[in-house]
Amino acid sequence: MSDLRDQIRRDEGPLQELLASIPGFDGYREREIRRTADQLLREHLVAELDRVRDELKRVVATWAQAGKLQQLEQIDRLSRLLGKARDNIRFADYGYTGFFDAVKIGEEQLDRLYEYDQSLRTQIGGCSDAVCQLGAAEDAAAAERMAALETAIHHLQEMIDRRGEVVAEATGPAQS
């Protein structure tokens with residue numbers, strides 16, 4: 001995935017370019033670009049988690065057809081954990097302050113938040129890999145694969161929880 005911040009800048013029209021010539025507005029516009037990029041990135045992460053959950057549903061369907069019903073309750077619980085992580089990303093704070101707000105979030109802080117959200121992609125990839133391994137697991141390895149998936153989901157959720165600290169640092173005092 002390319003850097004969304006550059007793509008947003010390329011897609012700006014003549015009005016944005018005119019507004020950029022207003023003193024003080026360019027910094028605001030740059031912050032808005034970073035906020036928009038982070039929001040788009042989080043929407044992409046949500047879509048990736050939706051794909052992981054869809055793959056997990058396919059595993060459930062395959063196992064149900066094969067009569068492997070004993071693990072379906074645990075898989076359902078893991079699917080709910082993925083859903084919670086998805087919702088936490090979807091509804092996460094994105095460091096917003098308006099043009100006239102007293103507290104300003106700097107571009108560096110917004111960049112840090114964006115980079116942090118980029119790192120969530122790696123964790124989601126780990127969840128996806130764990131689901132694929134679970135789907136390919138033989139009966140004897142199924143419990144081990146489910147434990148690996150649960151660990152991957154917990155690591156993802158921990159990162160999402162720590163994201164709040166990154167937002168808090170960005171919105172803390174002495175930002176300009």
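A cavity, on a 1 Å grid over the protein atoms alone, is a set of points where a 1.4 Å probe fits but cannot get out, and its lining residues have an atom within 4 Å of a point. Keep that in mind, as we will come back to it below. The structure above is a predicted model, in which local features need pLDDT of at least 70 and side-chain atom pairs count only at pLDDT 80 or more, while totals for chains, interfaces and linings use all residues. Residues are numbered from 1 along each chain as its sequence is written, and side-chain values use heavy atoms, with hydrogens and water left out.

**The overall fold**

Let's begin with the helices. The protein chain has six helices and zero strands; here helices (H or I, at least four residues) and strands (E, at least two) are DSSP runs, numbered from the N terminus. Of the 176 residues in the chain, 41% are buried. Buried means under 20% relative accessible area, exposed means over 50%, and partly exposed lies in between, using a 1.4 Å probe on protein chains only. A contact means heavy atoms within 4.5 Å. Among contacts in the chain with a separation of 6 or more, 81% join residues 24 or more positions apart.

**The nonpolar core**

A nonpolar core is a set of buried Ala, Val, Leu, Ile, Met, Phe, Trp, Tyr and Cys residues joined through side-chain atoms within 4.5 Å. The largest one here has 34 residues, and W63, I89, L134, L149 and L156 have the most contacts inside it. Helices α3 (25-65), α4 (72-90), α5 (107-136) and α6 each supply at least two of its residues. Which helix gives the most to this core? That is α6, with 10 residues.

I89 touches R42, L45, V46, L49, L120, I124 and I160, leaving out residues up to four places away in sequence. I75 is found in helix α4. The C-alpha atoms of I75 and L149 are 9.5 Å apart, although 74 residues separate them along the chain.

R53 sits in helix α3. Beyond residues up to four places away in sequence, R53 touches S79, L82, G83 and R86. Its C-alpha lies 8.6 Å from that of S128, a residue 75 positions away in sequence. Q157 belongs to helix α6 (residues 139-170), and its contacts, again not counting residues up to four places away, are K84, A85 and N88.

Here is how accessible some residues are:

| Residue | Relative accessible area | Class |
|---|---|---|
| I75 | 1% | buried |
| Q157 | 11% | buried |
| R53 | 22% | partly exposed |
| C127 | 0% | buried |
| C132 | 42% | partly exposed |

How many disulfides does the structure hold? It holds zero, where a disulfide is a pair of cysteine sulfur atoms within 2.5 Å.

**The cavity**

Now back to the opening definition. The structure holds one cavity of 30 Å³ or more, and the volume of the largest cavity is about 30 Å³. For this value, grid points are joined across faces, edges and corners, and a volume is the space filled by probe spheres set on the points. Which residues line the largest cavity? They are W63, K68, Q70, Q71, E138, D139 and A142. By class, this lining has two nonpolar, two polar and three charged residues. Ala, Val, Leu, Ile, Met, Phe, Trp, Tyr, Cys and Pro count as nonpolar, Asp, Glu, Lys and Arg as charged, and the others, Gly among them, as polar.

Notes:
On a 1 Å grid over the protein atoms alone, a cavity is a set of points where a 1.4 Å probe fits but cannot get out, and a pocket is an open set with protein on both sides within 12 Å along at least five of seven lines; lining residues have an atom within 4 Å of a point.
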